[in-house]
Amino acid sequence: MSTSETTPSDIANPTVADLQRSFLRHLQYTLARDKYSATRSDLYQALAYAVRDELVDRWLDTQQSYYDNDAKRVYYISMEFLMGRALGNSLINMGIMTDWQTALKELEIDIEDLLTEEWDAGLGNGGLGRLAACFLDSMATMNLPAYGYGIRYEFGMFYQKIVDGNQFEAPDNWLRYGNPWEFDRQKHLHKIRFNGRVIGYRDENDETRYSWVDTNDVMALAYDVPVPGYCNDTVNTLRLWSAKSTRDFALDFFNQGNYIGAVESKMRTENISKVLYPADHVAEGKELRLRQEYFLSSATVQDIFYRFDKKHDDVNQLPDKVAIQLNDTHPALAIPELLRILLDEKRLGWDAAWNIALNTFAYTNHTVMSEALEKWPVRIMEEILPRHLQIIYHINGLFMGQVAAAFPGDHDRLRRMSIIGEEGEKHVRMANLAIVGSHSVNGVSALHSEILKDDLFHDFYELWPERFNNKTNGITQRRWLKYANHRLSDLITSRIGDGWVTDLYQLKKLIPLADDPEFQRQWIEVKRANKCVMANYIHRKNGVVVSPDSLFDCQTKRIHEYKRQLLNVLHVITRYNRLKADPGSNAAPRTVIFSGKAAPSYFMAKLIIKLISSVSAVINSDPSVNNRLKVVFLANYNVWLAEMIFPAADLSEQISTAGTEASGTGNMKYSLNGALTIGTLDGANIEIMEEVGRDNIFIFGLTAGQVTDLKNSGYKPHDYYYRNQELKQVIDMISNGSFSPGNPGLFKPIVDTLLGLDHYLLLADYASYMAAQDDVDRLYLQPSDWARTSILNTAGMGKFSSDRTISEYADEIWGIKPEKITPHSRRDLL
């Protein structure tokens, strides 16, 4: 890891001997181990507890300072927080990595061995969760008073295994050995209510009020995780909720002598926080997912009131002290929950309650596809959340009146904008609810935000143009360069200093070095060293020998048809056919790396994984191309694996159909680490192109507008199939069993999709994609030119720091400012 570290100025640095004493004390007294009985896992935990100790004083000071300063705070609610491993990140952000390396080395312990013992926290799946984690890092680094709120999933999403080329899901038992980074707050509980019925009554002022009664209750127990800022005194909090049964719930069964029933009911109750995203293609899974979303929303809103009420008597001040950011629609039920508390418990009138809610909430949208927007059947919501459905109907009634007044006679507009959808089974449109109930609605890239205004939410934009804005996503350079790629981090710092760690725009200082032959040589050496690490991992895990001198061509992301891993496969097979036909061709040797999870119920995505595995089996066993082309699928993609892949990558595949990817953040991580991008003009690819220069990125394919025009004009995939002989050969090979000789029809659904609708226009973009891949080959065969382009990609990444993104949220949406953390004496605790 980088040795150029600083620490908070007003915190005394412990000596190496102090660190060793703390480590050995935890090994002996926390874990009851000595040097004879301690396993590597024990050593990791002792180190984690010792580092955690150093966090706690800053953590307590941070929270007390927020309270003393009566700071306005932002609450970031997300179903996912893909935090990655905490130990290395904490050591980097606290500026103590080198100290601990030295302390442990004197004890004959290699810190790298201990870092690999930690499990990735199973709190997320893809870009949504990793974005939330980057945001927490930036908020703490920028001294912003912030809290993350999520669910403590006991088994995460799933642990992906690849068996005979097929994805199998196993529980992600990440908590098997405990989690030293969390603090359980056993006394901090909130009651979460489900089902029951709503009764109306007249209060003492003869106003109609409602009471939600006869409910089935669950308790939300808080677990707190400290989130340290980079080399400052701020340590913010990620609070995760775990579902626990109520005492009364179990006692009813026990008192009736039904002990098995008591245990079963407890298990059903606690299922809410067992797994991320239960399969919602069945009724039970859909209901559980709704319960999860309300569980998170209700516990968080109750907790916000609990904290607010400590210091404020006037609930009308809530928007002055609280900002709530909804990370997509999953926590949108927080809007009716806040209203329920204001109306039913705080006894406010509707207008006052609505004004508070509207000025408190902000909503981030993460999709451009209408079919991906959450919709909940009214039937299910009426059963599980009857009071909230009642509130939603009232919101919608008032909103429809507002729309009708603004656009008289436009009945079709009323139908489109209604929170209640009538097509098919009556349902609640959660995105519409989030827009109506929030003062800010933002997209996550310039293109995405324009699509929201011009297409997806155009009706809402015409009504409230002032609510819509863009906040292009970003990533934290602390984890994705300084920690994940210490070789490159050290090289950059040796030339331009370490200011880039908190001001990523300083990477522009690399531009004059891009033509420096000596710097190019060092840059290439760093990349090759990272590729050697990756090659060793591939050999160990997949049994495939790959050359670090080959071009590492990487596509690592959730498996989905719109992300077009299948287009990449078409390219791989074409490359294979070309090498077979012309062994002497001047194509650069390639190692094509895929990784990502498919949703358990997503048949086509899982079939694509099988196709990738089947193609790799054929190619990797063919001696005629053995040194020119290798294909691997790396199982169980997570943050830890990404931290190995990004530094080793030469080429970043960002090839979604234009107009389908909201932003992407993997594209930023690859570019930050010097990978070149091959991509469409989609999501943040456009802004990356603008920052690094059109000549330093491989752009191909239709634009979003051209995609729309082609579909409207009557797209015919067969025309592309018959016109392009290379494409026809590839599809025929997939169809005739060349990659599934024992089952020739195995991939028929893929072929039928390509030649039928080809909804994501793979065949239309194929020729342009192949031409861009040829350009990649030509540049890679010129090492100096490739290195120059790679350096310029890293140098152009300043805009894509999550620090910039968070600064825009704080200034333009939340209205919060940095808070100075005042150290407090701990003597009063003794």
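Two strands count as paired if DSSP finds at least two bridges between them. Strands (E, at least two residues) and helices (H or I, at least four) are DSSP runs, numbered from the N terminus. This is a predicted model: local features need pLDDT of at least 70, side-chain atom pairs count only at pLDDT 80 or more, and totals for chains, interfaces and linings use all residues. Residues are numbered from 1 along each chain as its sequence is written, and side-chain values use heavy atoms, without hydrogens and water.

**Open sheet**
- Strands S5 and S8 (residues 216–228) run antiparallel, joined by 9 bridges.
- Arg185 stands opposite Ala222 in S8.
- The open sheet has 9 strands, ordered S5-S8-S9-S2-S1-S10-S11-S15-S16, with mixed pairing.

**Hairpin**
- S6 and S7 form a hairpin with 5 residues between them.
- Asp206 in the turn has a positive phi of about 60 degrees.
- S6 (residues 197–202) and S7 (residues 208–213) run antiparallel, joined by 6 bridges.
- Gly200 stands opposite Tyr210 in S7.

**Largest cavity**
- A cavity is a set of points, on a 1 Å grid over the protein atoms alone, where a 1.4 Å probe fits but cannot get out; lining residues have an atom within 4 Å of a point.
- The largest cavity holds about 110 Å³ of space, the volume being that filled by probe spheres set on the points, which are joined across faces, edges and corners.
- Its lining includes Tyr67, Arg73, Phe308 and His312.
- Helix H9 (283–309) and strand S1 (73–77) each give two or more residues to this lining.
- H9 gives the most, with 3 residues.

Notes
On a 1 Å grid over the protein atoms alone, a cavity is a set of points where a 1.4 Å probe fits but cannot get out, and a pocket is an open set with protein on both sides within 12 Å along at least five of seven lines; lining residues have an atom within 4 Å of a point.
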